[in-house]
Amino acid sequence: MRIEEIMKKMIDLADGSHHDINHFMKVHSFARTIGLMEGLDDKTQYILEASAIVHDIACPLCREKYGSTAGNLQEAESEPLLREFFMGTDLPEAQLERIIYIVTHHHTYSGADGPDYQILLEADFLVNADESERYRKSIEQFRKNVFRTTSGLALLDSVFREELRGKV
């Protein structure tokens, strides 16, 4: 399944939610950019980009079921939705399992076990910090404790230059 096919399918699944569509498109853009800047191999880049597009697949269900899109709820509800989303595609099983692992851990900020997972954490934070005051208040903490890639740090420092001025 090509990246653009995943994007189109996810846009359709978002059912007109501009916020959800804009969010995953921005996360995908940052993830793609960081992955390319970090020189990921094609397979890892593909897994990263696919994961970035579908990382919030559980948000609509969580809103309806719990009235919340808290990270732990998204992580708990994502796997069956991802299996259904990719059912009948040509996605190799190993890639599907890796995407599921990353998405079901994308609010777990420690123990990132590969650049695809690490970069998704960074890309999602870059977008969340722009969209949410709660995340914006923790930029310095995330910079120190979560960000690991040279490219992610450079983008964080550039995007949030004013917030970080004199603090790093």
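Let me begin with what lines the largest pocket: 13 nonpolar, 8 polar and 9 charged residues. Here Ala, Val, Leu, Ile, Met, Phe, Trp, Tyr, Cys and Pro count as nonpolar, Asp, Glu, Lys and Arg as charged, and the others, Gly among them, as polar.

Before going further, the ground rules. This is a predicted model, in which local features need pLDDT of at least 70 and side-chain atom pairs count only at pLDDT 80 or more, while totals for chains, interfaces and linings use all residues. Residues are numbered from 1 along each chain as its sequence is written, and side-chain values use heavy atoms, with hydrogens and water left out.

Back to the pocket. The lining is made by 30 residues, and Asp56, Cys59, Arg63, Thr69 and Gln74 lie nearest the centre. Two or more lining residues come from each of helix 1 (3–13), helix 2 (18–38), helix 4 (59–66), helix 5 (71–86), helix 7 (115–131) and helix 8 (133–136). Helices are DSSP runs of H or I with at least four residues, numbered from the N terminus. The space in this pocket is about 650 Å³. On a 1 Å grid over the protein atoms alone, a pocket is an open set of points where a 1.4 Å probe fits, with protein on both sides within 12 Å along at least five of seven lines, and lining residues have an atom within 4 Å of a point. Grid points are joined across faces, edges and corners, and the volume is the space filled by probe spheres set on the points.

Next, helix 3. The buried residues of helix 3 pack against helix 1, helix 2, helix 5, helix 6 (93–103) and helix 7, where contact means heavy atoms within 4.5 Å. At the N-terminal end, Asp41 is the cap, with a side-chain oxygen 3.1 Å from the backbone nitrogen of Lys43.

Glu49 lies in helix 3 and counts as buried at 5% relative accessibility. Leaving out residues up to four places away in sequence, Glu49 touches Ile3, His28 and Arg32. The side chains of Glu49 and His28 are joined by a polar contact of 2.8 Å, meaning a pair of N or O atoms within 3.5 Å; within protein, one must be able to donate a hydrogen and the other to accept it, and residues adjacent in sequence count only if both atoms are side-chain atoms. Ala50, also in helix 3, is buried at 0% relative accessibility.

Last, two loop residues. Thr149 sits between helix 9 (139–145) and helix 10 (150–159) and is buried at 9%. A polar atom of the Thr149 side chain lies 2.9 Å from the backbone nitrogen of Gly152. Asp15, in the loop between helix 1 and helix 2, is exposed at 69% relative accessibility. Asp15 has a positive phi of about 55° although it is not a glycine. Most residues other than glycine have a negative phi.

Note on methods:
Buried < 20%, exposed > 50% of the residue type's maximum accessible area, 1.4 Å probe, protein only.
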